[in-house]
Amino acid sequence: MSAAGAFDPSAKTRQQTDYEAKIVAESNAEFAQLQTYRTIHAEQWDEIAQLADPASRNTFYYGNYNFPGLKKTDRQVDASAMQALNRFSSILDSLLTPRNMTWEMLGSESDYVMKNRDARLWFETATRLLFKYRYAPIANFAAQNQGIFRSLGAYGTANMFVDQAENEAGVKVQGLRYKALPLGEMFLRENHQNLINGFCRWYRMTPMQAMQAFGGKCPPRLCERAQKSSQMPYDFLHRVGARKDFDPKRLDTKGKPFFSYNICLSTNEYISEGGYNQFPLACSRYVQNPGEVYGFGALGEALPSMKTLNAIKRDFLTQGHRAASPVYLVEDDGIMSWDFKPDAINSGGWKDGHPTVGILPTGQIQVSKEMMAEEKAIIDGSCLVDLFKILLSDPKVFSATQVVEMISQRGILIAPVVGRQQSEYLGPMTVRELALLEWMHLL
């Protein structure tokens, strides 16, 4: 157990039933297994985060704790990769989910149904309602969507959790709520068709937040800490998966295809059991390697260039410093003391018509600039930035027809990236959104 989730052993506990104890044991066992198979990925993600996404440093291992406000940019010498990641997320946002247009239209798979005018009108109305609730202020979709694209670009895996909205008091209201879950919290599981059908999410909450989230189901020792206004974060686990004992005729949690268990890891206590009619997570992978659950991001491909660029930048700064404040060579006469302040006068600095002080050569700084430009081009290429540089060129150079043709050619290269996000991210998310809206009688 991490130090962040420390607790008082003498605090009150609740006697768990055999069924609850079994759920806790199974959840801990599965969580431990998923941690083991994700460790190597976490090492690579942390290396990428150091150079391109410092806010996510030291967040990919269970038990890590970062004190709020901790400085994490100390290992960054060059910020080009971080800027490329911001542009990558903007590019995907403009391609997949542009805010200024309806980027998705609902319809039926049946051509016969779509021939009916009333059916087409219903789908148009449902599309408008979907976008209304998706972009409502309480939904927070636009901000969370950017987090999804950043995670895709940096680490190759992104997770969007969609659920019913709650207000500030924790009361459920009619509407949708989106949450881009940090990759460091997510431990994923695939089914036989390589579709994500389960996960364990490790996260932290203070005792007060736990009482707001779980109400009367909150463990007693956390309730005691909440009354003392404790700000010590505790570890929790949210486990979701396909239910083996699913019975569609039942009206309780076993009548839902997906189970949902909440457990307090810090106290090893069962909290609650629930379920979902649809899988609540839209998980997308940028590029998926054979035999792996997690994806491979755009910056993962450019990691060698990122590391090289940082190394070259150090040499470039050293050479630039020497050029601006050079190393001087003087005679060793044991007497002369040089003053390099402005307007200073140094007696003895001129002898026989020649200066008695020289400057140590610093090398070719231009070579470092050219080497950095090459590495930056590789990073921009991985993040799709170079495909859109035509839009920043002088419009007088190309005709409108040439610009359209060039953008069309670039679209061919981007199509595989966009297509995968439509099938793995936007498709499952839309199904979940429509199911929630229907359940809340908003359609």
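**Reading a helix pair**

Modeller: In this predicted model, Ser305, Met306, Thr308, Leu309, Ile312, Lys313, Phe316, Gln319 and Gly320 of helix H9 are in contact (heavy atoms within 4.5 Å) with Ile365, Ser368, Lys369, Met371, Met372, Glu375, Lys376, Ile378 and Ile379 of helix H10. These residues comprise nine nonpolar, five polar and four charged (Ala, Val, Leu, Ile, Met, Phe, Trp, Tyr, Cys and Pro count as nonpolar, Asp, Glu, Lys and Arg as charged, the others, Gly among them, as polar). Helices (H or I, at least four residues) are DSSP runs numbered from the N terminus, as are strands (E, at least two).

Biologist: At what angle do H9 and H10 pack?

Modeller: Two packed helices are described by the angle between their axes and the distance between the axes. Here H9 (residues 303-324) and H10 (residues 365-382) pack at about 155 degrees, with axes 9 Å apart; axes are lines fitted to C-alpha atoms over the stretch in contact, and angles run from 0 to 180 degrees between N-to-C directions. The two helices are therefore roughly antiparallel (over 145 degrees).

Biologist: Which residues form a salt bridge with a distance of 1.7 Å, N to O?

Modeller: A salt bridge is a side-chain nitrogen of Lys or Arg within 4 Å of a carboxyl oxygen of Asp or Glu. The side chains of Arg189 and Glu30 form this one, joining strand S3 (residues 186-190) to helix H1 (residues 18-52) across 159 residues. The whole structure holds 19 salt bridges.

Biologist: What is the mean pLDDT of the protein?

Modeller: The mean pLDDT (the predictor's confidence in each residue, from 0 to 100) is 86. Local features need pLDDT of at least 70, and side-chain atom pairs 80 or more, whereas totals for chains, interfaces and linings use all residues. Residues are numbered from 1 along each chain as its sequence is written, and side-chain values use heavy atoms, leaving out hydrogens and water.

Note on methods: Parallel < 35°, antiparallel > 145°, perpendicular 65-115°, else oblique.
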